[in-house]
Amino acid sequence: MAFVDMAGPDERTYEWARRGVRAVLAGLAAIGLALANVALLGVSLLALVLVPVPLLGMALVSWTTTLVRKRADLERRRAAWAGVPVPRPYRSPPERGIAGGWRRFRWIVTDPATWRDLAWLLPGGIVGAALGVISLAVPLYGIMGLTLTPLWIWLGTDWYGYGAVWSIDTFSEGLICLPQGAAILAGGLWVAPWLRRVDAYFARLLLAPTKAAELRLRVTQLTVTRADTVDAQAAELRRIERDLHDGIQARLVSLGMTIGLADELIDRNPAAAHEMLAEARAASGTALVELRHLVRGIHPPVLAERGLDGAVRALALSLPVPITVDVDLPGRLDTPVESAAYFAVAETLTNMVRHSRARTGSVSLRHADGTLTMVVADDGVGGGDPVAGTGLRGIERRLAAFDGTMALSSPLGGPTVITMELPCALSSPRTTRSSGTG
């Protein structure tokens, strides 16, 4: 299914101008942050000079490094806003102990990212300030051209000019400034976002992790992911054991006792024995239904038979809220990935039904460039927060086991949009594409 840009010319012009103004303001902020860079560099060098002073030197290094890293993190966020992601490269801090001060000092000075941050402060401030001045000066020069004619008419002088040498002596000369000012303003707003990206790319040269740091961070992430996966599997096993013990097992024990009583009464009181056997038959049906629900919670049969597409559609049909399902999967996924994707969507829809008070919802599944993208949206009250509950955190842990990610947009008042991505390949082709309403 192809998505068509339905925005009109006015909306596109507004969005273009808004991006330009934001970039100009970011350039203005870069000028002020450049001064902060110089101050931080001076304080950091002073702290390094005072290292031989007992206690004071190490405390100053720790304090200044914290400030420098906060400034570097701010620059990474600014780069992300410009469309250039810059991951954090720092090593994990040591555990606090008796020699906590010395261990923290050694952790700081042996981390290459500490010195890369210091090396970035001065050149990063210079580049940011220079690009900020350009991104700010060009639009201001354009605004000056737009305002020259009104000012000339109002002031009624012949010394007012555009720039340093071009004086305005006649009304026609003043009118020429209007199109020039508009063109320069438009050019300044157009080039400002590109200047911000150049600044972001320069920051990434020193603030992004090196190859060794990326490998170390990857190992750390895999260690955390593996621990989360083990915990999630252990919790799932405990849930299955609890459901078996408290549900089906207790019902089967009761069923056996009922059949035993019926066997004792079958000669003395056949009518009572038949009633007990009828109860046992009903209890066996209930136990079978619970067993089917338990099996669906482990791996739904519809997922094995019809794949992710059919399983999500069946799930949408079973919900009390109308769910629109749009799927574009040209093949089947590997079984573990398919199961993780299904339960991630199922948990998201369950949270939507329980908490969002939504009237309608939608599920979109796409596979492109080796990534499965799942988008679940609703028109509920919003306000979703992964920190506030275990449901969204559970989804994050389930996806993290396969290097997947989850992004949540849920402002108060709605709508809520959850975007989940799983890097994966298709194991078998499928020729049909479908969309519909569950």
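**Surface and backbone**

Reply: Leucine 25 counts as exposed because its relative accessibility is 51%, where exposed means over 50%, buried under 20% and partly exposed in between (1.4 Å probe, protein chains only). This is a predicted model: local features need pLDDT of at least 70, side-chain atom pairs count only at pLDDT 80 or more, and totals for chains, interfaces and linings use all residues. Residues are numbered from 1 along each chain as its sequence is written, and side-chain values use heavy atoms, with hydrogens and water left out.

Me: Which helix holds leucine 25?

Reply: Helices (H or I, at least four residues) and strands (E, at least two) are DSSP runs, numbered from the N terminus. Leucine 25 falls within residues 9–49, and that run is helix 1.

Me: Is arginine 357 buried or exposed?

Reply: Arginine 357 sits in the loop between helix 9 (335–356) and strand 5 (361–368). Its phi is positive, about 55 degrees, although it is not a glycine. Most residues other than glycine have a negative phi. At 65% relative accessibility, arginine 357 counts as exposed.

Me: What is the phi of aspartate 369?

Reply: Aspartate 369 lies in the loop between strand 5 and strand 6 (371–378). It counts as exposed because its relative accessibility is 81%. Aspartate 369 is not a glycine, yet its phi is positive, at about 55 degrees.

Me: Which residue is the bridge partner of serine 409 in strand 8?

Reply: Two strands pair if DSSP finds at least two bridges between them. Strand 7 (405–409) and strand 8 (416–423) pair in the antiparallel sense over five bridges. In strand 8, the partner of serine 409 is valine 417.
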